[in-house]
Structures are given as structure tokens and as C-alpha cells.
Amino acid sequence: MEIAAVTGKSTVWEMKSKNIPAIVIILVLLAALASMALAAQDRFTLKAPNGVAFSEIRGYDTWQDVAVSETEDGLKVIVGNPVMINAYKSGIPGNGKPFPEGSKIVKIEWSKRKNTASPYSVMEPDTLKSVAFIQKDSKRFPETSGWGYAQFLYDAPSDTFKPYGSDGSFGKVCYGCHTIVKGKDYIFTSYPRR
């Protein structure tokens with residue numbers, strides 16, 4: 001019996017020692033994957049110099065569209081959070097009322113390219129360029145009529161974002177343009193009929 005027990009222990013040890021290299025390889029691979037995941041940028045940790053954080057628009061990719069727009073070198077979709085969409089649906093800003101606190105609108109911009117599969121001329125999004133947004137918070141942004149502005153530029157090769165306007169002036173410059181539409185509570189984009 002003792003010989004069988006020793007042999008049994010020896011067999012178990014031999015099996016364990018054969019599996020050690022496989023376990024080490026698996027652990028090394030898991031560590032490499034974990035470090036790659038940690039190295040990937042979490043855009044929701046970014047902040048613009050004026051303190052407006054990317055995390056303040058978490059979930060924007062599921063918000064309802066307001067409208068689309070096209071520039072000479074890009075296509076944009078403008079989306080709004082539920083507060084903004086409900087305000088538009090109630091007639092703001094056309095009814096002379098301001099957007100309520102908590103309103104947020106996001107512009108997602110891409111470079112554009114011709115859709116080669118379409119039988120007629122269609123432009124479509126190509127490479128992501130930036131995510132820009134404004135939000136209504138009169139307590140935080142009294143100097144810009146209650147609106148906080150931020151833009152995060154996308155770098156495709158590194159798959160990362162960075163805040164635009166490192167000197168902190170972006171919000172004020174953006175506000176300067178938006179004063180053109182003061183009568184629309186500083187919002188350029190209208191909510192078109194559906």
C-alpha cells in the first residue's frame with residue numbers, strides 16, 4: 001500500500017510539474033493582455049482646460065439625433081440628451097424660452113468620403129475627427145451665458161482623444177461665435193421637422 005501511495009504522489013507531482021510551463025505561459029499572456037487594456041485610453045477620464053469633462057456626456061453615442069450638418073471637409077451628426085430633446089420638442093428656442101439646465105448637445109465629426117457603392121452621389125463619414133459638446137449649467141459657466149464648451153480631437157493612429165485648446169481659451173472663443181445666435185439661446189442647430 002505504501003508503494004502505491006508513493007507512486008500515486010509521484011504521478012500527481014509529475015502531472016503538476018508538467019503543467020507549470022503551461023500555467024506560466026497563460027499567466028504571462030493574461031498579464032500582457034491586462035497591460036494592453038490598461039494602456040488603452042479611457043476617454044471618459046479626459047477634461048478640457050476649462051474643467052468640462054468627457055465623462056459629462058457619457059452615453060452620448062445612444063442619444064437621439066437633432067440634425068446633421070456638412071462642412072467643406074467634414075460631416076457632423078448633432079445629438080442631444082433627453083433634456084435637450086424634450087426642450088426642442090416643446091418649442092425651445094423658437095418660443096423664446098431658454099434651454100433648461102442640464103441640456104447637452106454633442107457634435108460628432110468625421111472626415112467625409114464618397115460612397116463608391118451607391119448608384120448616386122452620396123457622401124459618408126470616413127475617419128472620426130472630433131467630439132465637441134456644450135452643456136447648460138448656469139452656476140458653472142456664468143461668464144458664457146450658462147453654457148460650457150469642450151472639444152476633444154481624435155487621433156486615429158493612436159486611437160486616442162485630446163482636449164482642444166490647451167490654453168483654456170476654447171470655451172470663450174466658442175462662446176464668441178455662439179453669440180451670433182443669442183436669440184436662439186446660443187444654439188446654432190435647429191430641430192428639423194421629422
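Is Asp73 buried, partly exposed or exposed, and what is its relative accessible area? Asp73 is partly exposed, with a relative accessible area of 48%, where partly exposed lies between buried (under 20% relative accessible area) and exposed (over 50%), using a 1.4 Å probe and protein chains only.

The model is predicted, so local features need pLDDT of at least 70 and side-chain atom pairs count only at pLDDT 80 or more, whereas totals for chains, interfaces and linings use all residues. Residues are numbered from 1 along each chain as its sequence is written, and side-chain values use heavy atoms, with hydrogens and water left out.

**View 1. Asp73 and Lys129 meet in a salt bridge of 3.4 Å, N to O.** The pair links distant parts of the chain, 56 residues apart, with Asp73 in the loop between strand 1 (64–70) and strand 2 (75–80) and Lys129 in strand 4 (residues 123–136). Strands are DSSP runs of E of at least two residues, and helices runs of H or I of at least four, numbered from the N terminus. A salt bridge places a side-chain nitrogen of Lys or Arg within 4 Å of a carboxyl oxygen of Asp or Glu. Lys129 is partly exposed at 25% relative accessibility.

**View 2. Asp185 forms a salt bridge with Lys136, their closest N and O atoms being 2.9 Å apart.** Because Asp185 lies in the segment after helix 3 (170–178) and Lys136 in strand 4, the pair ties together parts that are 49 residues apart in sequence. Asp185 counts as buried at 11% relative accessibility, and Lys136 counts as buried at 8%.
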